[in-house]
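Subject: Structure handover

Hello,

The structure we spoke about is below. My notes follow it, grouped by topic.

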Amino acid sequence: MTANFLQKARTRVGSHYLGAGRCEFTVWAPLLEGVKLRLVSPGERSVLMDKNSQGYWRAVIDEVRPGALCLYQLDGSDLSPDPASNYQ
């Protein structure tokens, strides 16, 4: 197996709590030019996500707990819920 294959196999889409108030958010959207994460609760804030070479957009955010409500803005479109979420 190649390192590239293993990296893709380990990438998890959606939101994942990392502990200590940190959460990782990942979206696979290789054709997009920009992805913004909008945290709605408990406090509102927006974060631009970073794209890797495989087309995954990722952000690790502090002060986010499980159950936080978030939306995504893809290429400046309307806000949408996370399609990988089991709760939204």
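In what order do the strands of the open sheet of four strands come, and is the pairing parallel or antiparallel? The order is β1-β2-β6-β5, and the pairing is antiparallel. Strands are DSSP runs of E with at least two residues, numbered from the N terminus, and two strands pair if DSSP finds at least two bridges between them.

Before the details, some ground rules. This is a predicted model, in which local features need pLDDT of at least 70 and side-chain atom pairs count only at pLDDT 80 or more, while totals for chains, interfaces and linings use all residues. Residues are numbered from 1 along each chain as its sequence is written, and side-chain values use heavy atoms, with hydrogens and water left out.

The edge strands are β1 (14-19) and β5, each pairing on one side only. β1 and β2 run antiparallel and are joined by five bridges; Gly19 stands opposite Arg22 in β2. The hairpin of these two strands has two residues between them, and Ala20 there takes a positive phi near 55°. On to the partner β6: seven bridges join β2 to β6, again antiparallel, and Phe25 stands opposite Ala59 in β6.

Strand β2

Five of the seven residues of β2 are buried, so the strand is mostly covered (buried means under 20% relative accessible area, exposed over 50%, partly exposed in between, with a 1.4 Å probe and protein chains only).

Thr26 lies in β2, which spans residues 22-28, and counts as buried because its relative accessibility is 4%. Its side chain reaches the backbone oxygen of Arg12 at 3.4 Å. This is a polar contact: a pair of N or O atoms within 3.5 Å, where within protein one must be able to donate a hydrogen and the other to accept it, and residues adjacent in sequence count only if both atoms are side-chain atoms. Leaving aside neighbours within four places in sequence, Thr26 is in contact (heavy atoms within 4.5 Å) with residues including Val13, Met49, Trp57 and Tyr72.

Glu24 also lies in β2. Is Glu24 buried or exposed? Glu24 is buried, because its relative accessible area is 12%. A polar contact of 2.6 Å joins its side chain to that of Arg58. Not counting residues up to four places away in sequence, Glu24 touches Arg12, Gly14, Ser15, His16, Leu18, Arg58, Ala59 and Val60.

Core and aromatic pair

The largest nonpolar core has 15 residues. Such a core is a set of buried Ala, Val, Leu, Ile, Met, Phe, Trp, Tyr and Cys residues joined through side-chain atoms within 4.5 Å. Those with the most contacts inside it are Phe25, Leu37, Leu39, Met49, Trp57, Ile61 and Tyr72. At least two residues of this core come from each of β2, β3 (35-41), β6 and β7 (69-74). Beyond four places in sequence, the contacts of Leu37 include Phe25, Val47, Met49, Ile61 and Tyr72.

The structure holds one aromatic pair. Trp28 and Tyr56 form this pair, which is tilted, at 6.3 Å centre to centre and 50° between the planes. Rings of Phe, Tyr and Trp (its six-membered ring) pair if their centres lie within 6.5 Å; planes under 30 degrees apart count as stacked, over 60 as edge-to-face and the rest as tilted. The pair links distant parts of the chain, with Trp28 in β2 and Tyr56 in β6, 28 residues apart. Tyr56 is buried, at a relative accessible area of 13%.

Cysteines

How many disulfides does the structure hold? It holds zero disulfides, a disulfide being a pair of cysteine sulfur atoms within 2.5 Å. The sulfur of Cys70 is 7.5 Å from the closest cysteine sulfur, in Cys23, and is therefore too far for a bond. Cys23 is buried, with a relative accessible area of 6%, and Cys70 counts as buried at 2%.

Outside the strands

Ser53 lies in the loop between β5 (50-51) and β6 (56-62) and counts as exposed because its relative accessibility is 72%. The side chains of Ser53 and Gln54 are joined by a polar contact of 3.0 Å. Asp82 is in the segment after β8 (79-81) and is buried, with a relative accessible area of 6%. Asp82 and Gly14 are 68 residues apart in sequence, and their C-alpha atoms are 6.8 Å apart in space.

Regards
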